[in-house]
Each structure stands twice: as structure tokens, then as C-alpha cells.
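Visitor: I would like to go through this structure with you, one topic at a time. May I start with a helix and move on from there?
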Amino acid sequence: MTGIRRLVLDVLKPHHPSIVELSTVLSVLPGVHGVNLSLYEVDQQTETVKITVEGENLDYEEIKQSIENLGAVVHSIDEIAAGKRLVEEVQTLQER
Amino acid sequence: MTGIRRLVLDVLKPHHPSIVELSTVLSVLPGVHGVNLSLYEVDQQTETVKITVEGENLDYEEIKQSIENLGAVVHSIDEIAAGKRLVEEVQTLQER
Amino acid sequence: MTGIRRLVLDVLKPHHPSIVELSTVLSVLPGVHGVNLSLYEVDQQTETVKITVEGENLDYEEIKQSIENLGAVVHSIDEIAAGKRLVEEVQTLQER
Amino acid sequence: MTGIRRLVLDVLKPHHPSIVELSTVLSVLPGVHGVNLSLYEVDQQTETVKITVEGENLDYEEIKQSIENLGAVVHSIDEIAAGKRLVEEVQTLQER
Amino acid sequence: MTGIRRLVLDVLKPHHPSIVELSTVLSVLPGVHGVNLSLYEVDQQTETVKITVEGENLDYEEIKQSIENLGAVVHSIDEIAAGKRLVEEVQTLQER
Amino acid sequence: MTGIRRLVLDVLKPHHPSIVELSTVLSVLPGVHGVNLSLYEVDQQTETVKITVEGENLDYEEIKQSIENLGAVVHSIDEIAAGKRLVEEVQTLQER
Amino acid sequence: MTGIRRLVLDVLKPHHPSIVELSTVLSVLPGVHGVNLSLYEVDQQTETVKITVEGENLDYEEIKQSIENLGAVVHSIDEIAAGKRLVEEVQTLQER
């Protein structure tokens, strides 16, 4: 079984709905095993959140649509893992 | 079984009741497996505490209400994990 | 079984009795599985010690009383964990 | 069974197709167990991506061709592991 | 079974007898499972050594006496663990 | 069974043949379980590569010869492990 | 069974014989399970090497003699572990 196993998204959202609601919506999408939402930065009207979604055969378009339905925007996909098993990014010699 | 599995809260509280009492109250709420309260900063009248709650089907509103009942205030939800399993936040390449 | 599972205390003590004696007294209190005493700082008359107590159903008042009986003072409770299992503090995105 | 078990590639690509599409294409190539694509840097027309491919008997030429077919370019191979088992790079004394 | 399980000592010693001899003497004391001696600093006449002793029911007075019998002095007890199991020092939020 | 279990080599090579070819050649030498080649630095005509070879009874002369046959040069052996089991380098107190 | 289980030595040696030869000689001494030789620094006539020897009942005098027989000198014993089990050095609160 191939397909997307992890997505790490940089998301800008209004303060409402809260990340509690957003986490609940995302955690029940097809293929999702779990989500983690972590607060990067809080501004007056908005907050930036890092969303990690893990599962099998994740549907990026559906996840993105669910985020937008709650008034938030995906700024970038910072990491994606796909395949028969989850491969972690490897820190290389030049990056140390 | 989906639902919230971890909440990390930034909480401002008066010195009394102590974090001993607060930990005891939070640890027996429905769905809670355990709590960790760590002191960030101590001021003359107040202290800032980081509260990590882990369990299954955590009820954020009830946890928040219990905190407020003891005279404390939730400043922000810094991290939330939900779903069939606990997903950790992944450090991305750009954050190193 | 709920109750306190870990206490991390910041303690000021005279040089005598030594941390050997203090560790022996604390390690046999009810519910205590083990203690760790680590030296922070040594001054002319006093020393600051970080005391980590782990166990089940720890009784903070009794632990505090035992510390005071040996002439030492608890400055602050820096961390407390309670519940059915020991939950560790989670480092958040904003703290890195 | 020998052969390449890991490739870490530094890749320059246009914004489209997205890394979602690229990850899907690479994850189904022969021998590939999984891929991880992490964003290094985003410019106006292009983005730099670090691609980690793990599997058995990886065919570098085919992987490179698939990347180029999507309009991207391999800048460098930053790490490669081959053999009967995956050997990690060892940090040496002089590098610390 | 309670008692001391770990002692970390800061010790000043002459160059002779060597840490080879000191390690051999300490490793056979009652209750000792093992010792680790690490060199901090070397001066003209003396050297400072960090001694970690682990075991069960360690007898600090006997260990100290053995160290003094070889012409060395215990400057401070930097860490002590006691109880039914070895508890590690926990790094707190304020120390990071 | 004794013999060399790990070699970490600092190697200067021309851009061609690539590290893909070099990894393939080294991974099938007698005793080799696996190799890792990581890029240190790229210059106009040459590149510096760190080669980690792991296995049993590694033959350094044969490995060196294979590297030289591909037009590359071993600058230094940065680490070597030998014996009945692989022993890692231990970071000492003075190095921290 | 007590005795020395680990020795970490700071050794100055001429470029020849190489660390390949030195590792082979040390790895077959009585009680030695394995050795790790890591290069610290290279000078015109000499090189400084960190030698980690692990095993049971290690004979420091014999190890030192073998090193000297190859024209090298032990500058210092940086770490030694002895006893029924290998005890690691513990990083203390004051060292962080």
C-alpha cells in the first residue's frame, strides 16, 4: 500500500475556530491516524500553526479543503512522506 | 476511537491554590491519564505554569473550566494532538 | 490509582545534615520509589539542591515536613506529575 | 542482496508540479520503500527540496529521470548508502 | 530494599596512585556494581576526577574512607540517588 | 572472530566516477556489510567525501586500492573499530 | 567478576605504524572485546589518537606496553570503568 503517510503544513488561521475544533475536524478525515497542531506565532487577528498529519493514503486536497472550510490557509507544505513505510528526513553532513 | 490525546496549555495562576492542588484536580477528570505541571516563571502575585494533559477523548472545555474554578486562566493552547494515535510534532528542515 | 507520581523541588539547606542523610530519610517515606538529589550551588553556610522524588501517591506535605525537619526549606515546586501514568513535560514549538 | 539503500538528493524544482505529486511518483518506483521530501527554501519561481529515498536496489538513474520528467533538477547527491544493510554516517571526533 | 544507588563525587587526588588503582579499590567495596572515573583537570601535583559509583546500599563513609586512604579528598557530593529504584535527575523547564 | 569492523575515511575524488559508482564498488568487497558516502565539500574539479565502511574482517588495503582504482585518494583514516564487537568512541568529560 | 571494563586513552603516536596496525594489535589482547581509535589531530611527525578499549579484566599495563612497543605514548587515561557492570559517567546539574 503506497500513498502519503505524513504531511507537515504551515497554516495561517483566524483565532476562531480554535485549534481544538480544527484538530477534531482533521483527525476524522479518511486515512488520518492522528494530527498534531502546534502554535508558531500569535498575531492580533491571526495565528500561525504547524500541522502534522500522519496516516495512510492521506488525501492532501481533502485535508487542504477542510482547513480552508474553517477559514484558514495552507502557506506551505514543509514536509511530505510517502510509500510503503514512513521515511524520515536524514540530516546530512553539510547541514551540521 | 478518536478525540483529543494531548493538550499543552500556558496558564497564569495565583500562588494559591498550589500546583499540587491543581495537578490533583486535573488528574481525575474524565479521560485524563496523567498531567504534568511545570513552572515557567514566578511573579509577586502570580506564576506561569505549563500544563501537559494526556489521555483519551480529553474534554478541553471541562479542563479549562476546572482551571478557571481554581482562579487560573488559560493564556494559550500551545499544542494539541488528536486521533487514533498520538502524533508528535515533527521538526522541519527549515526550523534547524 | 491516581495521585502524585513525581515532584521536583528546589531546596535550600545548611551543609549539615548532608545530602546523604537527606536522601536516606526521603527514600523511605510512604509511596516513594526513589529520590535523586543534585547539587545546584554551594555557598558559605548553605547549599541549593534539586530534589526529584518519584513514586505513587506521593504526599507533598509529608515530604516537605521531612525536609524542614532537617533544617532545609522548599523554595519552589518546579515540576509535578500526577495521574494513572507519569506524563513528561512536552517541549513546545515556541520554546525551541 | 547488495545495492543502493538510501539516496539523499538536493533538488531544484519549479513550484508546479507540487511536492505532493513528486512524492507520489517517486514512491512507486521499483525498489523504493518510501520517500521524504522536505522544503529547504522557497524562491519566486523555484523551490529547493531535500529528497530522501530509502529501499533496496534503488536505481539512481531512474529516480533522477523521474525527477527531471517533472521539470526538476538534481543539484547534488548528498548521501548514499549501499550494501547488505543500511550503514549510517558516523560523526567523527574532529567534527564535534 | 532501600539505600543509596548512585553517588557522583568530585575528588582531588595526587597523580599517584593512578585512577587505575583507585578504580580497582572502589569497584570491590560492598554493594558496588561498578565505578566510572573521569578526568576533569590535570595540574602539576594533582588531578581532579569525577567518580560515579553505582550499586545497592552503597556505604558513603566507606567509599570516602577508601578514597582518603589513597591520599585523595572528596570535594563535594554532586549527585546522590537512593530508594527502591534509581531515579534520574529531571531537567526542568526553567533550566532550558 | 576479530578484525576491523568499521573504517571512516576522508577521501578526495574527481567528480567522475560518481559516488553512486564508488558506493557500488565498495559495497561488494569481501567482509563489507554496508557503506555510507556523505558529501563534505564540492570544488571545481574535486569533491571531498566521508566514507563509512562497516562489516567484519575489513581489508583496509583492498578498500584503499578500490578507492584509488577509481581515481580517488584516502586523505586520512578518521576512525577505526576492531575486535569481537564494535566499540563506539566515548565522549569524555574534557571534551564537553 | 570485577576488573577494568573500559579505558579511554589519549595517545601520541608517529604516523607509522598506522592506526590500522595499532587497532589490530590491541584488539587481540587478553580480555579485549573491541577497540575504537579516533583521530584527534594530525601534526607533521605525529598524530594524537583517542583509544577506547572495552572488555573484561583489561590489563592496563599490557595495553600500555603494546602501545609503547609500536612507538606511541599514553598521555593520559581520560576515563576508566571497572566492576561487575559498566557504569557510564553521569552528567551533573552543575556541568550543564
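Visitor: Which residue caps the N-terminal end of H2(D)?
Guide: Please note that this is a predicted model. The cap of H2(D) is D:Asp59, which has a side-chain oxygen 3.1 Å from the backbone nitrogen of D:Glu61.

Visitor: And which residues of that helix are buried?
Guide: Helix H2 of chain D covers residues 60-69, and D:Tyr60, D:Ile63, D:Ser66 and D:Ile67 are buried in it. These residues lie on the same side of H2(D), because they cover an arc of only 130° around the axis.

Visitor: What do the buried residues of H2(D) pack against?
Guide: Within chain D, they pack against strand S1 (4-14), helix H1 (19-27), strand S3 (46-55) and strand S4 (73-83). Helix H1 (19-27) of chain F also takes part in this packing.

Visitor: Which exposed residues does the face turned away carry?
Guide: That face of H2(D) carries D:Glu61 and D:Asn69. Just after the helix, D:Gly71 has a positive phi of about 85°.

Visitor: Changing topic: is F:Glu79 buried or exposed?
Guide: F:Glu79 is buried, and its relative accessible area is 1%. The residue belongs to strand S4 (residues 73-83) of chain F.

Visitor: Which side chain does F:Glu79 join in a polar contact?
Guide: The partner is the side chain of F:Arg6, at 3.0 Å.

Visitor: What else is F:Glu79 in contact with, leaving aside its neighbours within four places in sequence?
Guide: Besides F:Arg6, the contacts in chain F are F:Leu7 and F:Val8. Chain D contributes D:Val90 and D:Gln91, while chain G contributes G:Asn36, G:Leu37 and G:Ser38.

Visitor: Now the contact of chain D with chain A. How many residues does it take from each?
Guide: It takes 25 residues from chain D and 24 residues from chain A. The area buried between these chains is about 2000 Å², and carbon and sulfur atoms give 52% of that area.

Visitor: How many salt bridges are found across that interface?
Guide: There are 5 salt bridges between chain D and chain A. One of them pairs D:Lys50 with A:Glu95, where the closest N and O atoms are 2.8 Å apart.

Visitor: Which elements give two or more residues to the side of chain D that touches chain A?
Guide: They are S1, H1, strand S2 (32-42), S3 and S4 of chain D. The largest share, 9 residues, comes from S2(D). By class, this side of chain D has 9 nonpolar, 9 polar and 7 charged residues.

Methods: Residues are numbered from 1 along each chain as its sequence is written. Chains are lettered from A and ligands numbered from 1 in the order in which they are written. This is a predicted model: local features need pLDDT of at least 70, side-chain atom pairs count only at pLDDT 80 or more; totals for chains, interfaces and linings use all residues. Side-chain values use heavy atoms; hydrogens and water are left out. Buried means under 20% relative accessible area, exposed over 50%, partly exposed in between (1.4 Å probe, protein chains only). Helices (H or I, at least four residues) and strands (E, at least two) are DSSP runs, numbered from the N terminus. The arc is that of the directions from the helix axis to the C-beta atoms. Contact means heavy atoms within 4.5 Å. A polar contact is a pair of N or O atoms within 3.5 Å; within protein, one must be able to donate a hydrogen and the other to accept it, and residues adjacent in sequence count only if both atoms are side-chain atoms. Buried area is the accessible area (1.4 Å probe) that two parts lose on being put together, summed over both. A salt bridge is a side-chain nitrogen of Lys or Arg within 4 Å of a carboxyl oxygen of Asp or Glu. Ala, Val, Leu, Ile, Met, Phe, Trp, Tyr, Cys and Pro count as nonpolar, Asp, Glu, Lys and Arg as charged, and the others, Gly among them, as polar.
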